[in-house]
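Hi everyone, thanks for coming. Please take a look at the model on the screen, and then I'll walk you through a few spots.

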Amino acid sequence: MDKHRRSPPAMRAAVAFVCLWFCIGGIAHFVFTETEMRVVPPYIPWPRGAVLVSGVLELLGAVGLLWLPTRRLAAWGLFALTLAVTPAHIYMLQQPELFPSVPYWALLLRLPVQAALLALIAWIASRSVPPAYF
């Protein structure tokens with residue numbers, strides 16, 4: 001098998017979308033740190049650290065998607081990270097008065113969007129096989 005073959009167009013589009021999603025999100029963790037810290041549930045210690053570490057992981061995962069040998073691992077890492085931030089989405093939904101600038105419908109929409117994102121990431125991970133070098 002040619003190790004330089006291109007991915008199918010659907011896979012390229014999926015990887016591009018997920019990469020862009022997490023690049024923007026990861027950068028936001030550093031540009032809007034204080035805002036991002038507000039969505040961290042109070043029972044999670046060190047909100048600044050949680051925001052910064054998750055931002056680094058988002059950026060690493062996004063970059064890892066771009067290289068075929070690391071794509072599968074990066075996708076599963078982003079899948080786990082996306083699950084790990086679910087408490088923030090639930091917290092915002094439970095405490096909408098703390099986020100008056102976010103319409104309630106947007107808070108409701110976050111969970112199905114997250115489920116769709118998880119499905120897309122899982123599809124990328126399950127279809128990404130590193131090239132054989134031996």
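Let's begin with Thr86, which counts as buried because its relative accessibility is 18%; buried means under 20% relative accessible area, exposed over 50%, and partly exposed in between, with a 1.4 Å probe and protein chains only. Before going on, a word on the source: this is a predicted model, where local features need pLDDT of at least 70, side-chain atom pairs count only at pLDDT 80 or more, and totals for chains, interfaces and linings use all residues. Residues are numbered from 1 along each chain as its sequence is written, and side-chain values use heavy atoms, leaving out hydrogens and water.

Thr86 sits in helix α5, residues 86–94; helices here are DSSP runs (H or I, at least four residues), numbered from the N terminus. The side chain of Thr86 reaches the backbone oxygen of Thr82 at 3.4 Å.

Now, which residues form a nonpolar patch on the surface? They are Phe17, Trp21, Trp105, Leu109 and Val113, together with about 520 Å² of accessible area. Patch residues have over 30% relative accessible area and no salt bridge (a Lys or Arg side-chain nitrogen within 4 Å of an Asp or Glu carboxyl oxygen), and nonpolar side chains (Val, Leu, Ile, Met, Phe, Trp, Tyr) are joined within 5 Å. Areas come from the Shrake-Rupley method with a 1.4 Å probe. Helix α6 gives the most to this patch, three residues. Trp21, from helix α1, counts as partly exposed because its relative accessibility is 39%.

Finally, α6 also has buried residues, including Leu117, Leu118 and Ile121.

Notes
Patch = residues over 30% accessible without salt bridge, like charges linked within 9 Å, V, L, I, M, F, W, Y side chains within 5 Å. Helix = DSSP H or I, 4+ residues; strand = E, 2+ residues; numbered from the N terminus. Polar contact = N/O pair within 3.5 Å; in protein donor to acceptor, adjacent residues only side chain to side chain.
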